[in-house]
Every structure is written in C-alpha cells, then in structure tokens.
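Morning, everyone. I have one structure to walk through today. Please look at the screen.

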Amino acid sequence: MMIMLGECCYFSVTKPRSFCSNSDSCSRFFSLAINGHRRTKRVQCLLRSCELLDFHQELIPYELAWSLQKDIVKKKKSQIENEGDCNDTLIVLQHPSVFTLGTASSNNNLNFDIKNPPFDIHRTERGGEVTYHGPGQLVMYPIINLRKHKMDLHWYLRTLEEVVIRVLSSTFSIQASRMEGLTGVWVGNEKVAAIGIRVNQWITYHGLALNVTTDLSPFKWIVPCGIHGRQVGSIKGLLKEAQSSCNDPDTAYLHHLDDDSLIHITHKSLIEEFSKVFQLEYHHKTIYVPMLCESKGK
C-alpha cells in the first residue's frame with residue numbers, strides 16, 4: 001500500500017502522547033484522590049529507538065537525500081518482513097536551492113518556464129504541489145514505522161504540525177496554529193512550515209520543512225503549495241517584526257542572534273520536541289557527507 005499526502009509539496013486533531021525522558025523506559029506518577037485519600041500510581045511507558053542522521057549544518061543535494069530516504073525505506077521493509085519491526089530514523093538537513101513537485105503538481109503554479117528553471121527542479125513521488133527548499137530552511141525527514149505509533153495518517157500529519165507549533169511556542173514565544181482545510185503551520189497569514197509525506201506499507205518518508213533564516217524571494221517563482229492569497233514567512237522574519245514590540249526579557253536576546261545561532265537553536269528545539277511528541281530515544285549515526293556522495297555516485 002502506498003499513500004501520499006499534503007497539498008503542499010511537502011506536508012478530529014489527536015493530542016500527541018506524553019514524553020518520558022529516561023533512556024529505555026520511564027515511570028510517571030499520577031496522584032489520584034479517592035475517598036479523600038491521595039494515592040499514587042506508577043505508569044510505565046517505553047521509548048522507541050530512533051536513528052538520528054544529523055546533517056543540519058550541511059547543504060545536502062535534494063536528489064542525494066531523496067535517494068537516501070528510499071534506500072532506508074527499502075531496508076526497513078525488509079527488516080520488518082524478517083524481524084517483525086524496525087527502528088525509526090530521523091534525517092535532519094538543509095538543501096541547496098531547489099524546487100520540488102509532487103505527483104499532483106500543476107505547471108500553472110510555476111512562474112517560470114519549466115524548461116529553463118532558475119534552480120534545479122525535481123518531480124517526486126510525494127503528494128502535493130510545488131515548494132522551494134534552500135539554505136536557512138531546516139528539513140526533517142522522519143522514516144518511521146506507523147504500525148508502532150498509530151496507523152492513522154491524519155494523526156501523523158497533525159502530530160508533525162504539533163512538533164513545529166511546540167518549537168515556535170517554547171523557544172521563540174511565537175504563537176503558531178493550524179489552518180482549517182490546509183496542511184502545515186501558520187503564523188497569521190504566513191506559512192512557516194510545509195509538510196508533505198509518502199507512506200509505503202506504513203513506513204513514512206519525506207516530511208516537513210521549517211523556514212528559519214531562509215531567503216524567501218525564490219518563493220516568488222512559484223505559487224507555494226498551490227495556495228493563492230497566502231504568504232510565506234520565516235522565524236527570522238517573525239522575530240524581526242516582533243522586535244519593536246517585544247517586552248519579554250527572556251526572549252529579547254533572540255532578536256540579536258546571527259543566522260548560524262538561530263539555525264542551531266531551532267535545530268536543537270526541533271529534535272527535542274520531535275522526540276517528546278513521538279516518544280523516541282535517539283541514537284546518533286555518523287555518515288560523512290563525502291562518503292555519502294561517493295556511495296550515490298554524486
């Protein structure tokens with residue numbers, strides 16, 4: 001079974017499960033008042049193992065990351081067939097400037113000649129419309145076995161949105177939201193995160209892209225996600241807009257961060273909130289980019 005979702009080239013509400021912070025399992029205590037007496041109940045929850053491939057300081061060519069995802073999906077399907085389960089994987093990176101199209105993308109949403117694009121362009125197997133990836137945008141590609149989380153694609157999409165909403169709120173005091181009938185994360189009329197997925201036998205790939213310090217001008221070459229009348233925003237832009245009215249001493253320093261620091265803080269928050277929402281324990285895996293390029297013939 002293959003499923004592709006997301007009206008954007010990338011990306012009922014079910015509240016994500018709570019997170020336990022210990023490495024293998026954890027105990028949480030809940031106090032219950034029964035007949036005037038307080039009793040404490042220990043609840044055990046387990047964390048799934050997640051392999052973290054962290055390239056967030058690198059610009060990984062889109063076709064290289066795309067090929068890597070498909071290779072990992074193939075291996076996980078084989079592992080499930082042989083062992084009944086597989087570890088989850090999260091890839092975090094940035095891309096050089098590129099446009100990507102989903103299977104349903106229309107050339108009517110391109111403001112350029114497709115035979116002469118301003119940047120590389122790739123038509124992918126994910127659902128949805130056209131979007132732009134580029135430096136300053138953090139991209140997360142979760143490759144997870146939904147059989148061990150929840151076999152509900154709407155839950156998965158809403159939970160990816162929840163990760164970004166938590167990051168913006170907890171780290172930047174930015175109040176983001178969902179928009180009815182659309183996928184992604186919005187601050188006012190500006191879309192800051194796009195989400196689009198492909199699911200193959202309940203194994204997910206593709207994922208979400210969050211504009212952090214992204215140059216937004218390339219979005220003018222397209223109708224982002226095929227949505228007319230809406231704007232695209234970034235964390236950097238939102239912080240700049242809020243700078244004049246900010247009276248919170250706890251977040252005032254954010255307005256003076258350089259781009260590298262802003263990327264670093266956002267990345268740290270993203271992987272932390274992702275682990276909380278999906279109840280994961282990370283195991284870092286190192287793949288050197290030159291070796292990755294060599295293995296893919298790039």
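Which order do the strands of the open sheet of three have? The order is E7-E6-E8, and the pairing is mixed. Before I go on, some ground rules. This is a predicted model: local features need pLDDT of at least 70, side-chain atom pairs count only at pLDDT 80 or more, and totals for chains, interfaces and linings use all residues. Residues are numbered from 1 along each chain as its sequence is written, and side-chain values use heavy atoms, with hydrogens and water left out. Helices (H or I, at least four residues) and strands (E, at least two) are DSSP runs, numbered from the N terminus.

Two strands pair if DSSP finds at least two bridges between them. Strand E6, residues 98–101, runs parallel to E7, and four bridges join them. Take Leu101: its bridge partner in E7 is Arg123.

Contact means heavy atoms within 4.5 Å.

Next, helix H3, residues 235–243. Which of its residues are buried? They are Ile235, Leu238 and Leu239. They cover an arc of only 100° around the axis, so they sit on the same side of H3. That arc is taken from the directions from the helix axis to the C-beta atoms. Lys240 and Glu241, on the other side of H3, are exposed. Buried means under 20% relative accessible area, exposed over 50%, partly exposed in between (1.4 Å probe, protein chains only). The cover over the buried residues of H3 includes H2, E10, E11, E12 and H4.

H2 spans residues 153–172 and holds Glu161. Is Glu161 buried or exposed? Buried, because its relative accessibility is 0%. Its side chain reaches the backbone nitrogen of Gly184 at 3.0 Å.

Last, the cysteines. Cys50 counts as buried, at 0% relative accessibility. Cys86 is buried too, with a relative accessible area of 3%.

Notes
Polar contact = N/O pair within 3.5 Å; in protein donor to acceptor, adjacent residues only side chain to side chain.
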